[in-house]
Amino acid sequence: MSQTVEIKVPDIGDFDEVEVIEVLVAVGDTIEGEQSLITVESDKASMEIPASQGGVVKSLSVKVGDKVKQGSVLLQLEPAGEGEAKPAEDDKPAAAPAKAEAPAAQPAKAEAAPVKAEPAQDKPATAPAGQAARSAPVQAAATDSAVPVPHASPSVRKFARELGVDLHKVRGTGPKQRITQDDVRGFVKQALAGNAPAAAASGSADGAALGLLPWPKVDFSKFGPIETKALSRIQKISGANLHRNWVMIPHVTNNDEADITSLEALRVQLNRENEKSGIKVTMLAFLIKAVVATLKKFPQFNASLDSDNLVFKQYFHIGFAADTPNGLVVPVIRDADKKGILEIAEETSALAKKARDGKLSPAEMQGGCFSISSLGGIGGTHFTPIINAPEVAILGVSRSYQKPVWDGKAFVPQLTVPLSLSYDHRVIDGAAAARFNAHLAGLLADFRRVML
Ligand code: CAO
């Protein structure tokens, strides 16, 4: 009866635990010695762990996301050929069969550790290879180029090299936008079909992909003390989205102002009356309601581009930018047209709290038709909000102030809120944007008109 051997993680240098980011073999596969089995990633490098011998994979003990270290069992292998089914029986400890069975010519680990490593993509390219370089050879490609290195495992890089594909132009669909073999294949298919993928659509629209100069690499420590911190997950995701939206959408911003003197008085009165309810009515709730009424009058603002079509939505889900300790998120109030001010106020406050606590579910951030970014509680006069694709417009709200307005006899104070409407000029022209903003300002000045 055939016997199986355990294939374990060999000595991976100074790393204690590393995350499995790719499993490159499946149960039933016939593999050869030295064939890559998994890719692991530390905060410094990604490495492939190769098989120490050939055979048939009988079972897998790891999956993507698992943490492994030297000695962790990766899989059970039925070795190729009879009589070779013995695990290492030499002087190596139990944790070392994979290494022990590596080719006899394999020298000490420092020169030829059985892993192939590359610096992790999301580390600064100027970071020294450090530990990774000591335990495994780090390919020079990552450090001697001024252009950021795309996130891909060594085997994917090899595959891309064989096909002559520049990985900077490939959109990664794996975790952390890692480029997979399928992404490279898809890129080649598209190129063969004559559709070079739009660089900006890759979400990693770096300088090389756009044909621009590479991002300046500066050793800031030459000029003074520095501290380097990794971007949060939310910052990375929202950054990639904002970058795409900024690059792909021709933005124009229309600035206007609304007289909210009476609306603010109503808000204060409502809050006084509802003190016991615990629901605080903020300007945001009124803005959402007034925006919905304006979207009904100007439906092209409640639309999305889909190739040569414009999709008009008959529902009114309004997103609002929320500032959280980990970055910007945009929760969505669904069916805002069917909700009253108090209900919207309660929901925005609950969603903003969830956002700050990092507890928003993906569903709570999906399906938005139009977004509002309110910096009114913080400050500023006007700004240019970036459209949240595939939406076609976004309203930026700044801090209200007392504006002296001439009433024919004297200057009277008017509480005024600045409104900055960014719109996608492919869908909306300047006149429509000015009308939208003016209509919205009119509703805020006389909120009774929202009911009309
Ligand atoms: N002018 C003046 N004051 C305003 C105002 C405005 N336009 N809007 C709100 N305020 C006041 C509120 O009345 C409140 O005052 P009190 O504490 O005295 O009652 C205070 O500012 C704080 O308001 P808030 O921030 O708690 O409530 P909100 O509904 O206005 O905003 C939310 C909620 C989630 C939008 C907000 O907390 C937030 O995160 N804003 C930042 C959004 C952001 O980052 N946008 C940028 C995106 S692009 O980078």
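Residues are numbered from 1 along each chain as its sequence is written, and side-chain values use heavy atoms, with hydrogens and water left out. As the model is predicted, local features need pLDDT of at least 70 and side-chain atom pairs count only at pLDDT 80 or more, whereas totals for chains, interfaces and linings use all residues.

The secondary structure of the protein comes to ten helices and 20 strands, where helices (H or I, at least four residues) and strands (E, at least two) are DSSP runs numbered from the N terminus. Of the 452 residues in the protein, 41% are buried; here buried means under 20% relative accessible area, exposed means over 50%, and partly exposed lies in between, with a 1.4 Å probe and protein chains only. Among the contacts with a separation of 6 or more, 62% are between residues 24 or more positions apart, a contact being heavy atoms within 4.5 Å. The protein exposes about 23,800 Å², of which carbon and sulfur atoms supply 54%; accessible areas come from the Shrake-Rupley method with a 1.4 Å probe, and for residues only the protein chains shown count as cover.

The interior can be followed through its nonpolar cores, each a set of buried Ala, Val, Leu, Ile, Met, Phe, Trp, Tyr and Cys residues joined through side-chain atoms within 4.5 Å. The largest nonpolar core has 55 residues, and those with the most contacts inside it are Phe301, Phe370, Ile372, Leu395 and Leu419. Two or more residues each come to this core from helix H8 (283-297), strand E13 (318-320), helix H9 (341-356), strand E17 (370-374), strand E18 (393-397), strand E20 (411-424) and helix H10 (430-445). Helix H8 gives the most to this core, with eleven residues. With neighbours within four places in sequence left aside, Phe301 is in contact with Leu295, Cys369, Phe370, Val392, Ala393, Leu421, Ile428, Ala432, Ala433 and Phe436.

Leaving aside neighbours within four places in sequence, Asn437 is in contact with Asn254, Asn255, Asp256, Leu395, Leu419 and Leu421.

Elsewhere, Ser72 is placed in the loop between strand E7 (67-68) and strand E8 (73-79), and Ser72 counts as buried because its relative accessibility is 19%. Beyond its neighbours within four places in sequence, Ser72 is in contact with Ile7, Lys8 and Val9. In helix H4 (residues 154-163), the buried residues are Pro154, Ser155, Val156, Arg157, Phe159 and Ala160, and the helix is followed by Gly164, whose phi is positive, near 70°.

On the surface, Leu210, Leu212, Trp246, Val247 and Met248 form a nonpolar patch with about 450 Å² of accessible area together. Patches are made of residues with over 30% relative accessible area and no salt bridge, like charges being joined within 9 Å and nonpolar side chains (Val, Leu, Ile, Met, Phe, Trp, Tyr) within 5 Å. Leu212 sits in the loop between helix H5 (181-192) and helix H6 (233-248) and is exposed, with a relative accessible area of 52%. Met248 is found in helix H6 and counts as partly exposed at 37% relative accessibility. Although Met248 and Asp424 are 176 residues apart in sequence, they are 9.7 Å apart in space, C-alpha to C-alpha.

A search of the whole structure finds 13 salt bridges, a salt bridge being a side-chain nitrogen of Lys or Arg within 4 Å of a carboxyl oxygen of Asp or Glu. One of them joins the side chains of Lys63 and Asp66 (3.1 Å, N to O), and Lys63 is exposed, with a relative accessible area of 53%. Another links Lys353 with Asp357, the closest N and O atoms being 2.7 Å apart, and Asp357 counts as partly exposed at 40% relative accessibility. The side chains of Arg449 and Asp446 also meet in a salt bridge (3.5 Å, N to O); Arg449 is partly exposed at 45%, whereas Asp446 is buried at 18%. Salt bridges that share partners join Asp446, Arg448 and Arg449 into one network.
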